Each structure stands twice: as structure tokens, then as C-alpha cells.
Amino acid sequence: MASQLLSPSAVGQGTASVEKTVVVCGGGVIGACTAYFLATKGAARVTVVEKSSVACAASGKAGGFLALDWCDGSPLGVLARASFHLHRSLATALDGPANYGYRPLDTLSLTLLPSSSSASDAAPSPSFPRWVDGPRARQPRTIGTTETTAQVHPQLFTRTLMSVAASKHGVEVVIGEVERVEVEDGRVAGVKLKGSDGRVIPTDTVVLALGPWSNRTPIVSSLFNVSGLKAHSIILQPKVPDAITPHALFLSYQPAPGSKTLDPEVYPRPTGEVYICGMSKEAEVPDDPEEIHGESESISMLHEIASTVSSHLRDGEAEVVAEQACFLPCTDDGLPVIGEIPGIKGCYVATGHSCWGILNGPATGASLAELIVDGNSTTADLKPFSPSRVLNVYAFALNLLP
């Protein structure tokens, strides 16, 4: 039963015989997964509209960490579990290890002592992987195993899905910026693009998967808020990449006594690169994803953290591949919004996945494909993420509900 549910080829086998037209707005991981699963169902003609390039923003600059059960106990738990298994199935179907760096890995938490600590010269714990040789690393604890945690290279994953959807299933990718969704008599009629020609793509169904740019669309901004959390990251290439074992690290780091404790993360990749992220802050999302740049203070701190963790990641021992930033889409209640917008037939939204976008992309896309083609989702229960919950909160605030 479970294997049938979680196989990409078996997800949401629809019974619909009439081909739908669907325009997916956004070429990040949510848009790519939605387009892929819609196309593989064989009951929809799909066009993806992307302003810049596929996986140009958070979907290309995220860590790509996957966890089976870290969302258990919250509404995200079922979505995450379904998506974790879908990632495994997709890796088999699409040769994920070769094409986008899919692999299970062990995950550890550890503490980094401040530089002024009197214990800074002590030897690292033998429980650490060999490359985690910083003398201030303490309190290693296993928080994930190869059965419960894994990783992908997010940019390669997103682009692989989109490439397969286009080459094998006829998905068209259009580079352009969405101006508005055309609505007639309460139904979606098309998507109008910005530009001198004002092109309109006729369609009966639209999916707004615009991440932190969702608020640029009046249909979304009139119902709920999507803010952007600016997250910084660096990518290093050690001189001896084979020394870096597949262990993801979740750190607790206090740069100096009394200073704010930081929670950076370190993800070695099969390519030999090491990804280090953290240093997040709320900020205004620029119109163009190509205009997003890291702030020097945050980038410098990530380099300090990297060198504190491992001698292999110190200046001179590793090449700097990237210093970057991206915006994570966040909602006011911390849950993504996934489903059909009330009052507009054929208008769906999928945004607000925050730091779990890469993990939850497959289950979101598969569930939306089922909802659009079959009328209901079987991959995951989307009720906790329905846009109607936002309307109910708004109505309650206006005393429109008892």
C-alpha cells in the first residue's frame, strides 16, 4: 500500500479524460514539482512561467536537506513524510545520485564554544567525523541517520525535474513576468504577462508558486501575507574533498560570551563541496531575484564558523565557490498555503514553505496535481494548508464568524 502511494509513477493516477491547460507561475522547486507531476499524469497541458531562470532563487541556493520525521507533531508531519519517501522514489526513477546528488546521510548536532573559552585547546571528541577537528567543538549527538535524513543538490534537483517534464512530457517553459491572472465570471481565463506586447496565455487553471514574490500578485496579497526571510550561505571546495564524510551538522555557536547564539548548518555534498548556511534576517524582497546579494558581515561570520568547525574549511585550505543569499517565503502562521483560492475557480496557490521547500516540494506538487486533475489529493491531506483557513481567520477578526 505504502509503496503504491509513494511511487512517482503511481502518484495520483487520475481518471480524468479531458486534458486541462495549466499555467504554473514560478520556476522554483514548488513550481517544478507541480509541473512534473501534472505532466506525468498525462491529463494536463502545462506551461511554466518564470521571470529569470529555473531555480534562480532559494531553490538554487538552499541546503537541500531532507528529514523524514522532523516535522512530526505538527500539521507538516504528514506532508514531510510523504515527500521524504517521494524524494527516494524520484531518485530511483531519475537517477538522483548521479543527476542531482541525492544520498542518505547521518546528521549530528554539536556546540561550538566561544573563542575565549578556557577549554578551547582541548582535543575534539572521538565521536566526531574525522574532518570535524575544530578544538572548540563539543557535545556531539546523533539527530538523524541514513534512514531518516538525506540530501539533494537543490538547483540540480529542480532543474532535473523541469528538464524531464519538458523533454519527456511536453511542458513548455516561458521566460516572462506575470502581471495578473485573468478572471472571467469567477473562473480563471488566462495569465497576462508584463511587457510591451502584453501577451495573455489562455488557460483554465493557474498555480501561483511564486515563493517570496507571492505578494506581488493581488489575488494573494488581498488574502494573506507572504514575507521574506533572507538567508545567507557560502559554498567551499576543500583541497582534499575525499576527507569530508557525509555528515550533516546542525550547530549551536556563540561567537563570544554573552553574544547571541547562532544556529548555522553544514552540508557536505557528493560533489566535494561543503555548503554552510545561517545568518537569517527579515528583509524586503527585491523585484528581481538576480539582485539578491549576501551581506558582508553575515558572509564573514559563516567563514568564521566554517574554519571553527574544520581545518579543511579554513582560508587557504578551501576554495570559495559561492557567497550568496536567498529569501525563504514565510506566512504569518508558519504553515504553507496550498490549494484552490475560494471564489476563483481554477486558481491554485502553493507558497510559504519557508526552510522546508526542498523537502516538501514533491508532496506539494503531487498533491496539487491530484487536486487539479482528480478533484482530491491522496498523496497528502492538504486541509491544514488550505487558503480557506486564511479567510476564516480574517472573517473571525472582523466578527463575521461566531
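A: Happy to walk you through it. Two strands pair if DSSP finds at least two bridges between them, and strands (E, at least two residues) and helices (H or I, at least four) are DSSP runs numbered from the N terminus. This is a predicted model, in which local features need pLDDT of at least 70 and side-chain atom pairs count only at pLDDT 80 or more, while totals for chains, interfaces and linings use all residues. Residues are numbered from 1 along each chain as its sequence is written, and side-chain values use heavy atoms, with hydrogens and water left out.

Let us begin with the open sheet of seven strands, whose order is β6-β5-β14-β15-β16-β13-β17 with mixed pairing. At its edges are β6 (137-144) and β17 (318-331), each of which pairs on one side only. On average, neighbouring strands here are turned by 25° against each other, direction ignored. At the β6 end, strand β5 (residues 106-112) runs antiparallel to β6 and is joined to it by five bridges. Within this pairing, S109 stands opposite R141 in β6.

There is also an open sheet of three strands, in the order β3-β7-β4, with antiparallel pairing. Because β3 (65-67) and β4 (103-104) stand at the edges with a single partner strand each, one side of each is left without a neighbour in the sheet. Three bridges join β3 to strand β7 (residues 149-151), and L66 has A150 in β7 as its bridge partner.

Now for the helices. Axes are lines fitted to C-alpha atoms, for helices over the stretch in contact, and angles run from 0 to 180 degrees between N-to-C directions. Helix α2 (residues 29-41) and helix α9 (residues 357-374) have axes that come within 7 Å and cross at roughly 40°. The contact of α2 with α9 has twelve nonpolar, five polar and three charged residues, where Ala, Val, Leu, Ile, Met, Phe, Trp, Tyr, Cys and Pro count as nonpolar, Asp, Glu, Lys and Arg as charged, and the others, Gly among them, as polar. Helix α2 also packs with helix α6 (residues 154-169), at an angle of about 30° and with axes 9 Å apart, which means that α2 is roughly parallel to α6.

Finally, the cavity: on a 1 Å grid over the protein atoms alone, this is a set of points where a 1.4 Å probe fits but cannot get out, and lining residues have an atom within 4 Å of a point. The largest cavity is lined by G101, Q151, V152, H153, R269, P270 and T271. By class, that lining has two nonpolar, four polar and one charged residues.

Methods
1 Å grid on protein atoms, 1.4 Å probe; cavity = no way out; pocket = protein on both sides within 12 Å on 5 of 7 lines; lining within 4 Å. Parallel < 35°, antiparallel > 145°, perpendicular 65-115°, else oblique.
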